[in-house]
Amino acid sequence: MNNFLKKGQSILQTKLLSFFLIAVTLFWIKTYIGYQMEFNLGIDNKLQSFLLLINPISSAILFFGIALLAKGKKTYKWVIRLNFILSAVLFSNIVYYRSFTDFITLPTLTQASNFGDLGPSVLALFKPHDILYFLDTFILIVLYYSKAIKPSEMKMKRRTVAMVFLAGIAIFSVNLALAEKDRPQLLTRTFDRNYIVKYLGMYNYMVYDAVQNTRTYAQRATANSTDTAEIVNFTKAMYAEPNPKYFGVAKGKNVIYLHLESMQNFLIDYKLNGEEVTPFLNSLAHSSDFMYFDNFFHQVGQGKTSDAEFMLENSLYGLPQGSAFTTHDQNTYQAAPAILGQKGYTSAVFHGNYKTFWNRDKIYKALGFNRFYDASYYDMNEEDTMSYGLMDKPFFKESIPMLDKLPQPFYTKFITVSHHFPYSIDQKLTTIEPHTTGDKSVDNYFQTARYADEALREFFTYLKESGLYDKSVIVMYGDHYGISENHMRAMSQVLGTEVGEFENAQLQRVPLLIHAPGVQGGVNHTYGGQIDLMPTLMHLLGVETKEYVEFGSDLLSQDHHQIIPFRNGDFVTPSVTSIKGKYYDTKTGELIEETEEIAADKQLAQKLLQYSDKVVNGDLLRFYTPKGFTPIKPSDYNYNNEGNKGTPVDNKVEAPTQETSGE
């Protein structure tokens with residue numbers, strides 16, 4: 001009888017282990033197929049291909065192994081549940097990657113409230129084959145309820161469970177050792193999530209990301225004034241003296257920032273079927289009234305639009321994970337609206353979306369914006385709105401009465417949304433045909449770009465007729481790419497040349513046009529990025545910035561540092577483009593070997609990012625106040641609109657004065 005029971009137990013144990021192995025195998029195969037189909041991880045050699053193949057195995061064994069700690073039928077159910085959860089994680093990352101060419105991090109989950117506003121943008125990312133990413137879950141459910149598997153209440157032997165976990169750990173250890181051989185210091189290089197996923201897998205990356213973010217949150221608790229002193233000394237040493245020709249030429253003038261959603265620089269002078277796509281922007285780029293920077297790059301990370309704003313207002317880089325707008329809204333900042341507010345400026349943001357999107361209602365207070373005209377001030381009727389808010393033409397039209405009421409001088413920012421993925425627009429509003437690449441996002445991109453261009457032209461008509469054009473510094477900048485690297489094949493058709501890794505890096509240029517009354521315009525070939533906007537503007541306004549912690553430098557300075565670091569650790573200079581550890585001649589695109597000069601540029605790019613991250617993660621500006629600046633109190637600001645839509649109620653507090661804001 002005892003032998004019979006032991007034999008029966010052995011059969012049940014075998015069935016349970018078989019079910020476990022089926023789950024692991026199906027999940028492994030599905031994940032690997034997902035890697036190959038959905039992600040561009042930059043596989044360069046056979047070892048990397050092998051690691052990509054095996055890295056899902058250890059994750060599946062270790063995660064599903066948790067279910068083996070349960071008893072009997074619960075074990076089967078937990079295997080199915082864990083399979084579904086991990087499948088959902090894989091699928092979520094696939095959808096996220098299709099839009100952002102990046103992976104989800106813990107901080108991006110704090111931005112989840114944004115997703116509800118995306119509507120068609122999210123739906124456009126789904127594909128018919130996506131259901132297959134949950135096929136293995138369905139198979140496991142069928143097996144569980146079929147006669148092939150007869151779950152019992154028996155618990156897996158401890159020794160067997162231990163062996164399963166040891167096997168998972170052993171496979172992971174081999175995986176990590178081979179990864180470190182191909183990419184030394186893999187886990188200490190935190191710039192590029194692609195590396196971690198490529199070498200260790202998405203699920204191990206999740207664990208890594210959790211550890212990294214725990215360390216980040218601990219930085220604030222352990223930061224002190226000594227850390228700040230090191231940063232201040234570094235930024236002072238990097239300071240670029242303003243050009244006497246431009247310093248203070250726009251003193252006392254208004255400031256109007258025009259945030260050009262998803263506008264890439266290749267659109268300037270681009271013709272589709274012989275017709276200019278952005279004729280108005282083209283005219284400004286060739287006007288003597290505007291300085292046009294044709295080597296200006298976006299530098300955003302996961303925060304995309306919010307990262308662009310963060311750099312614009314602070315000359316601090318966005319974070320390697322998530323968005324500082326959502327994770328660091330309690331920090332002390334010395335932002336442009338606060339600095340100018342203490343010099344008599346009234347600051348305001350105009351945006352046809354609701355104030356909670358990107359946590360703007362909180363972070364703007366920390367930056368010192370007096371007023372925030374969000375969707376509650378606009379007529380958000382269905383005909384004039386899209387996924388991300390009010391269309392550009394009605395947005396500018398409805399913003400004009402609010403702008404007219406602002407005390408001058410003012411510091412303002414207008415955030416447009418019409419030219420946003422998935423670039424859908426009512427064809428009745430279009431004045432140019434789509435492209436014909438067959439890639440819908442790319443083809444429609446040109447129609448929404450034209451619409452945005454027309455909206456700008458209408459707004460400029462008002463600026464000139466009202467007299468504001470001659471009284472204002474106008475800065476127009478692209479916030480981030482519109483066409484991601486997932487569309488390089490279509491972009492090859494658009495540009496009439498093969499778009500590869502190098503060419504895509506060059507496509508990260510975005511327009512920058514600056515109008516300063518009395519300043520002669522023209523094309524400026526200086527290399528720079530969004531991090532440089534704040535010091536450039538401040539010097540035009542005659543505000544000295546040497547005492548402030550800024551990681552950019554004045555684009556008009558003869559001492560400007562022409563190095564553009566990107567959030568993944570790549571960088572561009574006039575002579576070299578660094579992409580994933582490879583170096584290209586910026587002018588020719590030819591691969592080149594690393595030189596001492598390139599190594600020095602690489603070190604500087606990394607230091608700029610690391611020091612900026614220390615400032616943000618450690619909230620280091622709370623330990624340092626520049627002479628003449630008074631830290632602001634976010635509680636002094638109120639963005640509630642108690643009036644009717646489209647009619648601003650003047651209940652915003654003015655900027656705290658230098659004498660009273662410290663009380």
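**Exercise 1.** In this predicted model, determine which side chain meets Asp130 in a salt bridge, and where the two partners lie in the chain.

*Solution.* 
Step 1. The side chain of Asp130 meets that of Arg98, with an N to O distance of 2.7 Å.
Step 2. Asp130 belongs to the loop between helix 6 (120–123) and helix 7, while Arg98 is in helix 3 (residues 73–100). The two are 32 residues apart, and the pair links distant parts of the chain.
Step 3. Buried means under 20% relative accessible area. Asp130, at 5% relative accessibility, therefore counts as buried. Arg98, at 9%, also counts as buried.

**Exercise 2.** Classify Asp619 and Arg220 as buried, partly exposed or exposed, and describe their pairing.

*Solution.* 
Step 1. The closest N and O atoms of this salt bridge are 2.6 Å apart.
Step 2. Asp619 lies in the segment after helix 22 (596–618), and Arg220 lies in helix 10 (residues 202–222), 399 residues apart.
Step 3. Asp619 has 1% relative accessibility, so Asp619 is buried. Arg220 has 37%, so Arg220 is partly exposed.

**Exercise 3.** Describe the salt bridge between Lys413 and Glu309, and name the network that contains both residues.

*Solution.* 
Step 1. Their side chains meet at 2.5 Å, N to O.
Step 2. Lys413 is in strand 9 (residues 410–415) and Glu309 in helix 13 (residues 305–314), 104 residues apart.
Step 3. Both residues are buried.
Step 4. Salt bridges with shared partners join Glu309, Glu313, Arg360 and Lys413 into one network.

Technical notes:
Residues numbered from 1 in each chain as written. Predicted model: local features only at pLDDT ≥ 70, side-chain atom pairs only at ≥ 80, totals over all residues. Heavy atoms only, no water. Salt bridge = Lys/Arg side-chain N within 4 Å of Asp/Glu carboxyl O. Helix = DSSP H or I, 4+ residues; strand = E, 2+ residues; numbered from the N terminus. Buried < 20%, exposed > 50% of the residue type's maximum accessible area, 1.4 Å probe, protein only.
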